[in-house]
Amino acid sequence: MNVKKVLIISGAALVVFFLVTQPVQSAALVTSILNTLKDAAEAVITFVRSVFQT
């Protein structure tokens, strides 16, 4: 079996286990990740606007 395939299946199993056993913490983690991505996108937008502002 391919090592990459084993790692993907193991990772997916771990995520499912975490979701089933700790749903509240999983939701908090997803919220945190999405907020971080939102903040990063806003920072990039602010940078690009400041570069092209006259």
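The backbone oxygen of Gln22 lies 2.8 Å from a polar atom of the Ser26 side chain, a polar contact being a pair of N or O atoms within 3.5 Å, where within protein one must be able to donate a hydrogen and the other to accept it, and residues adjacent in sequence count only if both atoms are side-chain atoms. This is a predicted model, in which local features need pLDDT of at least 70 and side-chain atom pairs count only at pLDDT 80 or more, while totals for chains, interfaces and linings use all residues. Residues are numbered from 1 along each chain as its sequence is written, and side-chain values use heavy atoms, with hydrogens and water left out.

- Ser26 is found in helix H2, residues 23-52, helices being DSSP runs of H or I with at least four residues, numbered from the N terminus.
- Ser26 counts as buried because its relative accessibility is 2%, where buried means under 20% relative accessible area, exposed over 50% and partly exposed in between, with a 1.4 Å probe and protein chains only.
- Leaving aside residues up to four places away in sequence, Ser26 touches Phe18 and Leu19, contact meaning heavy atoms within 4.5 Å.

**Salt bridges**
- The structure holds 2 salt bridges, each defined as a side-chain nitrogen of Lys or Arg within 4 Å of a carboxyl oxygen of Asp or Glu.
- Lys38 pairs with Asp39, the closest N and O atoms being 3.8 Å apart, and Lys38 also pairs with Glu42, where the closest N and O atoms are 3.9 Å apart.
- Lys38 counts as partly exposed because its relative accessibility is 42%.

Key:
Helices (H or I, at least four residues) and strands (E, at least two) are DSSP runs, numbered from the N terminus.
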